[in-house]
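Please keep the sequence and the 3D view at hand as you read.

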Amino acid sequence: MKLSIFATSGLAMLLLLGSCNVMKKNNSTTQNTTSTSTSTSTSTSKQQPATNAPAYLDFVGDWSIIELNGTKVTVNGENHPKLSFEASKSQADALSVIGFNGCNYLNGVWVVSNGKITPAGEFISTLKACPDAPYEQEVNTALNNVASYTSATPNELNLLSSTGRTVMKLRKQGLSFLNGAWKVTDIEGRNITAPIKIVLDTAEGRIHGNAGCNVINGAMTINYDKGYGIEFQNLATSRMMCPDLDQEQAFLIAIEQVATAAPGKDNDHAYLCNASGQKIISLKRLAPGELVD
């Protein structure tokens, strides 16, 4: 793969875009720079797992980079390295690749077929100087060396070099299933009758609604170090007095323990789980017309 570095204001607009096992972009400034390129060869890879879908569709979505050359990526939050893939509308088996290396945004095209990854042209990148971006160069180098992939689970991908060495491991961040209005039906095995209704917005990082008696507002943060990692912070409620606050208090205690989420049996059900992976809050999607106070 060739990686060329271009400083362009237009590119700065690109956005990367029982058990619970299952990117906000910084505003970048650019500078004038000359383009540089390196090349790497691609070759056949280990056999790709069987799938009924075209191989490139396995990639579509947003992914956290969780390992580089066998070393865990530990930075979290908005500076966590990540990749996003979209199917090309003009070329079969082609993917638009948008990446973030902890400092700068990258854009290119990969052709994915029969377990192989072939770059279609050069990658381009913003060029912002970052005082603390420990994985920037390592992400760039790894992308230069990608030639194939394997997939052990639907939520993880290993990107391999031409020699079959894993240079990058990705974990899918598919928390969009949480978006919308929900009713809490169960807290730690206890059936909930109080009207606890919340709205979750992963793009805006917000939670708001009714905790059963009082209005609740707060922040929702994606934890890139975990699969489906999510945390609720800075929660605030109004202070109305109601006859029975037991279920509201149980909800407020439980939601502060949430560490991950998990999809339910269908799009109308989901779970919030604690750090041990236990389902502690069960959610049922509100029907159209059901209001959140």
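The largest nonpolar core has 31 residues, and Leu178, Leu200, Phe232, Phe251, Ile281 and Leu283 touch the most other members. A nonpolar core here is a set of buried Ala, Val, Leu, Ile, Met, Phe, Trp, Tyr and Cys residues joined through side-chain atoms within 4.5 Å. Buried means under 20% relative accessible area, exposed means over 50%, and partly exposed is in between (1.4 Å probe, protein chains only). Two or more residues each come from strand S11 (180-187), strand S13 (197-201), strand S15 (215-223), strand S16 (229-237), helix H2 (246-255), strand S18 (269-273) and strand S19 (279-285). Among these elements, H2 gives the most, with four residues. Helices (H or I, at least four residues) and strands (E, at least two) are DSSP runs, numbered from the N terminus.

Leaving aside residues up to four places away in sequence, Leu178 touches Leu200, Thr202, Ile230, Ala261, Ala270, Leu272 and Leu283, where contact means heavy atoms within 4.5 Å.

Residues are numbered from 1 along each chain as its sequence is written, and side-chain values use heavy atoms, with hydrogens and water left out.

Now for the aromatic rings. A search of the whole structure finds six aromatic pairs. Rings of Phe, Tyr and Trp (its six-membered ring) pair if their centres lie within 6.5 Å; planes under 30 degrees apart count as stacked, over 60 as edge-to-face and the rest as tilted. Phe59 and Phe85 make an edge-to-face pair, because their ring centres are 5.3 Å apart and their planes stand at 85°. Phe59 lies in the segment before strand S1 (61-68) and Phe85 in strand S3 (residues 82-87), so this pair ties together parts 26 residues apart in sequence. Both Phe59 and Phe85 are buried.

How are the rings of Trp110 and Phe123 arranged? Their centres are 6.2 Å apart and their planes at 50°, so this pair is tilted. Trp110 belongs to strand S5 (residues 105-113), whereas Phe123 is in the loop between strand S6 (116-119) and strand S7 (124-125), 13 residues away. Trp110 and Phe123 are buried. One aromatic cluster brings together Phe59, Phe85, Trp110, Phe123 and Tyr149.

Strand S3 also holds Glu86, which is partly exposed, with a relative accessible area of 35%. Glu86 and Val97 are eleven residues apart in sequence, and their C-alpha atoms are 6.8 Å apart in space.

Stepping back, the protein chain has two helices and 19 strands, and 43% of its 293 residues count as buried.

Finally, consider confidence. The mean pLDDT (the predictor's confidence in each residue, from 0 to 100) is 81 for the protein chain, and 80% of its residues reach 70 or more. Over residues 4-17 the pLDDT is below 50, although this stretch has 55 contacts in the model beyond near neighbours in sequence. Residues 22-53 are also below 50, with 87 such contacts. Where pLDDT is low, the predicted coordinates should not be read in detail.
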